[in-house]
Protein chains: 2
Amino acid sequence: MTNKKYVYFFSEGDKSMKDLLGGKGANLAEMTRLGVPVPPGFTITTETCAEFHKTKKWPEGLDKELEKNIEMLEKAMDARFGDKIKPLLVSVRSGAAASMPGMMDTVLNLGINDETVQAIIRKSGNERFAWDSYRRFIQMFGDVDMGVEHKLFEEVLDKAKENKGVKYDTELDASDLKKVVTEYKQVVKKATGKDFPQDPREQLRLSINAIFNSWNNERAITYRKLNNITGLLGTAVNIQTMVFGNMGPTSGTGVCFSRNPSTGENHFYGEFLMNAQGEDVVAGIRTPLPISELKKTMHKQYAELVAIKDKLEKHYKDMQDMEFTIQEEKLYMLQTRNGKRTAHAAVRIAVEMVKEELIDEKTAILRVAPEQLDQLLHKTIDPAAKKKVKAIAKGLPASPGAAVGKIVFHAEHAVEMAEKGEKVVLVRTETSPEDIKGMHSAVGILTARGGMTSHAAVVARGMGKACVAGCSEIKVEEDAKKLTVGSLILKENDYITLDGSTGEVFHGQVGLMNPSLSGDFGTLMEWADKHRKLKVRTNGDTPTDAKVARGFGAEGIGLCRTEHMFFEGDRIKAVREMILSDSLEVRKKALAKLLPMQREDFTGLFTEMKGLPVTIRLLDPPLHEFLPHEEEDKKELAKELKVTLERVNAKCEELHEFNPMLGHRGCRLGIIFPEITEMQARAIFEAAVACEKKGIEVEPEVMVPLVGHVKELRLQKDIIVKVADDVMKESGKKIKYTVGTMIEVPRAALTADEIASEAEFFSFGTNDLTQMGLGLSRDDSGKFLPAYVDLGIYERDPFQALDQSGVGELMKIAIKKGRHVKEKLKCGICGEHGGEPSSVEFCHRIGLNYVSCSPYRIPIARLAAAQAVLRDKE
Amino acid sequence: MTNKKYVYFFSEGDKSMKDLLGGKGANLAEMTRLGVPVPPGFTITTETCAEFHKTKKWPEGLDKELEKNIEMLEKAMDARFGDKIKPLLVSVRSGAAASMPGMMDTVLNLGINDETVQAIIRKSGNERFAWDSYRRFIQMFGDVDMGVEHKLFEEVLDKAKENKGVKYDTELDASDLKKVVTEYKQVVKKATGKDFPQDPREQLRLSINAIFNSWNNERAITYRKLNNITGLLGTAVNIQTMVFGNMGPTSGTGVCFSRNPSTGENHFYGEFLMNAQGEDVVAGIRTPLPISELKKTMHKQYAELVAIKDKLEKHYKDMQDMEFTIQEEKLYMLQTRNGKRTAHAAVRIAVEMVKEELIDEKTAILRVAPEQLDQLLHKTIDPAAKKKVKAIAKGLPASPGAAVGKIVFHAEHAVEMAEKGEKVVLVRTETSPEDIKGMHSAVGILTARGGMTSHAAVVARGMGKACVAGCSEIKVEEDAKKLTVGSLILKENDYITLDGSTGEVFHGQVGLMNPSLSGDFGTLMEWADKHRKLKVRTNGDTPTDAKVARGFGAEGIGLCRTEHMFFEGDRIKAVREMILSDSLEVRKKALAKLLPMQREDFTGLFTEMKGLPVTIRLLDPPLHEFLPHEEEDKKELAKELKVTLERVNAKCEELHEFNPMLGHRGCRLGIIFPEITEMQARAIFEAAVACEKKGIEVEPEVMVPLVGHVKELRLQKDIIVKVADDVMKESGKKIKYTVGTMIEVPRAALTADEIASEAEFFSFGTNDLTQMGLGLSRDDSGKFLPAYVDLGIYERDPFQALDQSGVGELMKIAIKKGRHVKEKLKCGICGEHGGEPSSVEFCHRIGLNYVSCSPYRIPIARLAAAQAVLRDKE
């Protein structure tokens, strides 16, 4: 206990001392250490807080150290606590080693009392400001330090406004506020039985205790619990001199960036206001001036500021976002941090800093958040245009990009309108595979139901189309061709704008910006490719998908969903004929019609992928997904197939499932109807032969879905191998192919050793693995999952970011068991997580060979894969 | 290779040589070794088969050994291959170390040719028999050994019957069959170009090769593959002298048991026929005589048989099921095996054999198949009555026992009829919680849809009522009050009989037998309880359940489903009021109405269980399960709650889920509506206080369902603990309680270490764990799961018998991780598997503390738990 140092003057610390000084304290010390002018101050350590909670009192020696530091502060500022001419005012802020935003308390303007307020009036020449500061201080202090209910103060303020007949606080003048101060003090007296303390040292002591105590308030405890923050000692307390930018014409305040955060251009950027407080700049009451104007009015301070921003950028080796205040000609830096920036700026800054030799390539790669790249790959809403409109509803950001178009409610209508050259947004309660063509024709999709991996979302992402899904605020009545949000009713042909990156929906046409893949972007991708170990494939079903994906750098197809081929044109008819038949013979006849079409699909895909591996998944969805839902369509189907409507209805009824996600789908179809697997295998191998004959190399990987037991795979593999042998014998061509399986049922992961004895590759289907592993239906979880994320149960929607401890654990088990049997077993991921950066990083860490994602997320995956390698090395 | 012995005469082997001699060969050797008269023979080893497949020829030395053994056989029988007076006939049968029923080939009557057939005519005095034997031999041999198509023989036989104008084979006489033999030989010649071999040694050589080859026929390979039979060398070949019971008045054949297999009584039991073949006894053409009659006709042979049965029973220490043949006064034993028996007999024999000091208690415990006990605990269909009727349909044996009653289609009607004293069977397409009261009133339940763990099945088992579920052959039209099976239409008030143990459905009233728990049963249970380590609890929701369960020996309640309490009487109204409200205030008001009712439920349960632990699961099913489905009920509800029908419909629509099993249920309800958890916790603790005040000890274990993430449990536990504290403070009583969780979501098992930090116990909910772990909806899998079991993908329905490698692996992971954090963590199982013997044994092996099952399965679980301990020690 002895010899412990409880208080550090800013000049005594540095950024390495986060555990002891907290995050905020360590950074203020770092700036001070760099010689940057920071309002002086000191930090009481987290250890002090811990001892306070243990012994319920201040540790011995803290008093003395505190006094010593106050003296140093007074000396540094040439001001004194309670001084009538040069009063010292300070802020008291909490600051733990881990960020706990808003969880603990802050007191500003500490040091004001009935006497010093006069000095502030004199110094600031702004009586209103002085009284308002005093008023705020009493309110904050009374609330935080003395436990006076917030609403008691609010009542006084409300009455003051009422008496004057005004609405806003800002309409109260100095004398009004002076009266409020008087009444506030009475409130404190009445509530606590004590006078509001006039002695700044007592104010400080109470504030320090309050902050210590706030470490263990209920909110903070819950926050730490939910965020798994453990092992911390307590909070540090930062006491820092207040500085004011509104002390007259030689004072001012501003915010600036060492480079342009919008474009990334390397020029000093920012804005300021003279005789103003930080709040004024933010609030937009007065219009700030560009930072270059400061050069004219305060040349010396501007030069100093430029020198500081250069120094800070060089020191932190990143674009800095800084706050400064000039108090009576003296410049103070209040904050510096790595600046937020647009995707454009991030890429440009990273690449240019390498050219400037400020950072190396690896650092540049780590500097750009992969998720941000999305902005560069899709149309976006023009930020200027966005400022002028308000969203009418907000759903899930299901597929990024922005879209403007006329509302249509039916897929067929979307096709018709698109053929006439109209841009349309397809609006549905939910989409089904029947809507695919309409989705193709639309520029964007909006659904009232469904989650991040609902049909609409998955298909839209695959197509690279903007989609807002699960927008539960809107009500869609397809038959009435009506969309209702609150009292607003939109009809067919009304314009609507979607922002698929934020989930926002706007009424009317909002201006968009085109994506641009600049040269810097290409450079960054090149660097990323040098480092990454994970291959990046794409999920794609058509030659068009394949082409787009190769443009983005795809190294193969990780998932071709063959059922998507079943919906086009006449095919759906043959599919329905097959489903409706109860005899093997009729089923085989219908399948024979599908064979040439599927063969053609695969031929196109192989041709586009020229020798790169193509993973083809056998039929996956339950058969009822192929049947029509509307009465009219059912009638038409009955007519086409020359059966009764009753028969169609009976089949729909028979195939109905309570939990289709856990029903008759995946390889369970091929086990009960082996003829389907036979047809698909034949289409694959005949296509491969056709390509080989044209000199196009092919490498089909046949993937059996929804395997839970090795015997399922064995039975399906037997069929596939037999068909392959037959086709090779018939054609005289040898095809190199492999047969593998999705790992998407927990049981498959748990028995991966058995399954690996039959499988030549594993591909993790993390959508289903998440659904089953977490017991969470992606289509239904919208009702409670947002609340779960709010409560911090899951940090992020597990359908977006892989749940590493649950689903990830299954993946680790599967890889370990699988490679125990087959050391070199190729493992990949083809769930939606394959394009999400934190998931990609996890995939790298657990040793996958590749990730596969929708074409538009390939650059994101490439960058994330490179970052994973670099972080791994750290 | 040298010195290897390829052929064993029966007297050279014993039952320990199964790997080398196959199962059949080893057992024939054992009987021979015991001195029991067995028709002599020898076995060619499995190693020989392996070498044959390796080298494609007979190993050197086999010829010689074979000849030597043939000579031994001829000597033993005083008969010779091909002898015109005393010809030796043999059977040639396959027999691997593992049972592969019907997968490989058999040849009988080998040794017959044109000359020996005459000797057989002479010896048997039965010309027809001789020619029929010859005919059958050519057909079997031609098919198996020479590859002649079966149908070519059939054509000849069909023509012979046609020519004679008869329908059955048995109507052909000796001269007809003699002609058939001639034509058969021509068929062989024509098909193979070879004469049918007359030399018995050649016949034998070809037959041995055929059996070696049958080891690798497609059927056998597939069978081994699907049944994971690996590591076997091949099949052995058993060559055994044919004996005939139809060689005249001093020959005969019979089947007998060392004790009565129906009642277990210790007296010699069986039947026989003189001058007959085994087939005749089985076929029932002539009526066999009771074995005691044999004493009169063949005193010596009878005495010998009695001595043999005593010897065999003593040797095998179990009731024996034997086949014998007397050929010209000489007695031969053809088979002995442990006899199948009824549950009554099994229990009686086991207990009596201990009294006779033939076996010890442990052996007795292991002697009774736990599953069989079910027969003793429910009404059963009288076997005599059953013989006279044919089932009209077969569904899943969802809840054991038999029931006879009048058909009703609606729950309310069932209640009305039962009140009038009628016995009714409730017939529904499927049941829902609304039907509970009707199910209570019915004697049995029949549903057209749903699996072994569907609502109907689970509830029926809990109530101990007969239930046939998922009977897809029947069509139920509730509104039309009609049940259709094929062309049969049954209406309300028609009688129907269900056998819930077999899944059979009978038209009309079939006679039933009452269960009787005999003294032997009690003795066996006592012995079992001495050995078992697993505690056995019950799943029960009402004081009645609790009482029944205690009668069966329950040691606590492992699962009380609180939602079952929500359906009775006025409660459902309050529940619906809660669900329909969108405001917390209204919800709380509705919950306040439920509080006293739930408190009363728990008080009753605690009182009945007097100090035994009671695990109470918080509300689990999705809320839509509580809403009405029929339009009429919805209207009524709207009226009752004074809301519009639209509002009721809108709520139903809003709560609709695509995959309710993975939807908003379990603790997800309590997280979104904490007030529900609060109410339930309050009811539990207030009931506990009420009981304690009356001096009744209570030990509530509050169980949070469907936890996937530790934070869910933490949030719910916080509420429970707070309510407990409040209630204890209010009442001044201290209640001992624990808070734990179901482990039913795979993620919970995978992160059990985290969850154990908050949970005081784990209870495996293996129904859901199976659904999610295998990706299998219990309500939908009926469409393909039967085929899966047929194909051998799963050996048994995983909802009946725990899938040990998949779901079991999750359990093992959970226990290991959980106990790593809490060494003494109490773990149990409350899924349906808790009463299934193989699952109970698994639960013992992985170290669970208890199993919980429906009351009627408690004795089964007790016995299975004891067997698990005894097997573990072996």
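**Close-up views of a predicted two-chain model**

**View 1. Gln372(A) lies in the loop that joins α14 (361-367) to α15 (374-377) of chain A.** This view, like those that follow, shows a predicted model. Gln372(A) counts as buried because its relative accessibility is 18%, and the cut-off for a buried residue is under 20%. Leaving aside residues up to four places away in sequence, Gln372(A) touches Arg341(A), Thr342(A), Ala343(A) and Ala346(A).

**View 2. Chain A is shown as a whole, with its 35 helices and 31 strands.** Along the principal axes, the C-alpha atoms of chain A fill a box of roughly 100 × 60 × 55 Å. Chain A has 874 residues, of which 59% count as buried. Among contacts in chain A with a separation of 6 or more, 69% are accounted for by residues 24 or more positions apart.

**View 3. Two cysteines of chain A, Cys467(A) and Cys560(A), are each shown with the closest cysteine sulfur.** A disulfide is a covalent bond between the sulfur atoms of two cysteines. Over all chains, the structure holds 0 disulfides. Cys467(A) counts as buried, at 0% relative accessibility. Cys560(A) also counts as buried, at 0% relative accessibility.

**View 4. Helix α17 of chain B spans residues 411-419 and carries several buried residues.** The buried positions are Ala411(B), His413(B), Ala414(B), Val415(B) and Met417(B). An α-helix has 3.6 residues a turn, so residues three or four places apart point the same way. The cover over the buried residues of α17(B) includes the strands β14 (402-408) and β15 (424-428), together with the helix α18 (436-441), of chain B. Just after α17(B), Gly421(B) adopts a positive phi of about 90°.

**View 5. The interface between chain B and chain A brings 59 residues of chain B into contact with 58 residues of chain A.** The size of an interface is often given as the accessible area lost when the parts come together. Here the area buried between the two chains, B and A, is about 5,200 Å², with 57% given by carbon and sulfur atoms. On the chain B side, Phe658(B), Leu662(B) and Lys711(B) lose the most area to chain A, and together they make up 14% of what that side buries.

**View 6. Polar contacts and salt bridges link chain B and chain A.** How many salt bridges are counted between chain B and chain A? The count is 6. Asp803(A) forms a salt bridge with Arg747(B), in which the closest N and O atoms are 2.6 Å apart. Between chain B and chain A, 31 residue pairs are in polar contact, with both residues at pLDDT 80 or more. Elements of chain B that give two or more residues to the side touching chain A include α9 (218-226), α25 (645-655), α29 (746-750) and α33 (807-821). The largest share of that side, 5 residues, comes from α28(B). By residue class, the side of chain B that touches chain A divides into 24 nonpolar, 16 polar and 19 charged residues.

Technical notes. Residues are numbered from 1 along each chain as its sequence is written. Chains are lettered from A and ligands numbered from 1 in the order in which they are written. This is a predicted model: local features need pLDDT of at least 70, side-chain atom pairs count only at pLDDT 80 or more; totals for chains, interfaces and linings use all residues. Side-chain values use heavy atoms; hydrogens and water are left out. Contact means heavy atoms within 4.5 Å. Buried area is the accessible area (1.4 Å probe) that two parts lose on being put together, summed over both. A salt bridge is a side-chain nitrogen of Lys or Arg within 4 Å of a carboxyl oxygen of Asp or Glu. A polar contact is a pair of N or O atoms within 3.5 Å; within protein, one must be able to donate a hydrogen and the other to accept it, and residues adjacent in sequence count only if both atoms are side-chain atoms. Helices (H or I, at least four residues) and strands (E, at least two) are DSSP runs, numbered from the N terminus. Ala, Val, Leu, Ile, Met, Phe, Trp, Tyr, Cys and Pro count as nonpolar, Asp, Glu, Lys and Arg as charged, and the others, Gly among them, as polar. A disulfide is a pair of cysteine sulfur atoms within 2.5 Å. Buried means under 20% relative accessible area, exposed over 50%, partly exposed in between (1.4 Å probe, protein chains only).
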